[in-house]
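Dear colleague,

Please find below the structure for your records. The notes that follow set out what was found in it.

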Amino acid sequence: MNPITIGICDDERKMREKIHQLCDVVMFRKNVEYKCIDFCDGREVLQYKHSIDLLILDIKMPRMSGIAVKRKLQERKEDTIIIYVTDYEDAIIDAFGIHVYGFVLKDRIDEKLQPMLESAINEISETSVVVDGKVDSNTILFVKSESPYCRLYIRDGKEELIRKSMRELTKMLQETNFIRVHRSYLVNFQYVEGVPDKKINIEKYKLPISRELRQEVKKAYIQYAEKRAR
């Protein structure tokens, strides 16, 4: 496995140093090769020329907020996982979104950040499911049934038509973040924008949810979001 790059963005130097120390403890314990990059401003994150696997990000900063950084990363289709640190619990709702792994209040950072870091590193290190021998499941937005085929809608705008049934793919992806929302659609919760209701929003797509599955899908998404926010 390649070294993991961790970005630490906070306008307070002491907080950056504290987070860096906690990262050192976790990565030493897990015996994972890594490097930490410090940023004192959200704009520095966006100007960084290399990929960041995990970004520990303050929500409220004077020049550019952590929420604005998240939105820019989403626009650029970066896969950076974000853990927010904040003094403001009321900002959490606005900050949640794609690739946001969780939130830690600064007054509980010694207690809460280490287990969340371990969990996030486990997720980064996990091998994803390879579909049809060529497509990483983490890159798939959703699957559409076109019996006897299925069409994979991939994050880079590509599509792949494969000769597998929806039943086969549902079974293959059951241990990942995918959920069946309709007889014709299987979606990846990583890319869902907002709590689903009658439709589910994924990038430019609006997908139907079966009437009989609406409550189940909504409950599953809330559980997924709560897991990320712990």
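A disulfide is counted here as a pair of cysteine sulfur atoms within 2.5 Å, and the structure holds 0 disulfides. Cys23 has 0% relative accessibility and therefore counts as buried (under 20% relative accessible area; exposed is over 50% and partly exposed in between, with a 1.4 Å probe and protein chains only). Cys150 is likewise buried, at 0% relative accessibility.

Basis of the values

This is a predicted model, in which local features need pLDDT of at least 70 and side-chain atom pairs count only at pLDDT 80 or more, while totals for chains, interfaces and linings use all residues. Residues are numbered from 1 along each chain as its sequence is written, and side-chain values use heavy atoms, with hydrogens and water left out.

The protein chain has a mean pLDDT (the predictor's confidence in each residue, from 0 to 100) of 87, and 90% of its residues reach 70 or more. Confidence is lowest in helix H4 (residues 92-95), with a mean of 58, and highest in strand S9 (residues 149-154), at 96. Helices (H or I, at least four residues) and strands (E, at least two) are DSSP runs, numbered from the N terminus.

The sheet

Five strands form an open sheet with parallel pairing, in the order S2-S1-S3-S4-S5; two strands pair if DSSP finds at least two bridges between them. S2 and strand S5 (100-105) stand at the edges with a single partner strand each, so one side of each has no neighbour in the sheet. From one strand to the next, the twist averages 15°. Axes are lines fitted to C-alpha atoms, for helices over the stretch in contact, and angles run from 0 to 180 degrees between N-to-C directions.

Strand S1 (residues 4-9) is mostly covered, with 6 of its 6 residues buried. Ile4, Ile6 and Ile8 point one way from S1, and Thr5, Gly7 and Cys9 point the other way. S1 runs parallel to strand S2 (residues 34-39), to which 6 bridges join it; Gly7 has Ile37 as its bridge partner in S2.

Strand S3 (residues 54-58) is largely enclosed by the rest of the structure, because 5 of its 5 residues are buried. Leu54, Ile56 and Asp58 point one way from S3, whereas Leu55 and Leu57 point the other way. S3 pairs with S1 in the parallel sense over 4 bridges, including those of Cys9 with Leu57 and Ile8 with Ile56.

With strand S4 (residues 81-86), S3 pairs in the parallel sense over 5 bridges, and Ile56 has Ile83 as its partner there. S3, helix H3 (residues 66-75) and S4 make a right-handed β-α-β unit. S4 and S5 run parallel and are joined by 5 bridges, with Ile83 opposite Gly102 in S5. H1 packs on the sheet, touching S1, S2, S3 and S4, and its direction makes about 170° with that of S2 (contact means heavy atoms within 4.5 Å).

Yours sincerely

Key:
Right-handed = clockwise from strand over helix to strand, strands pointing away.
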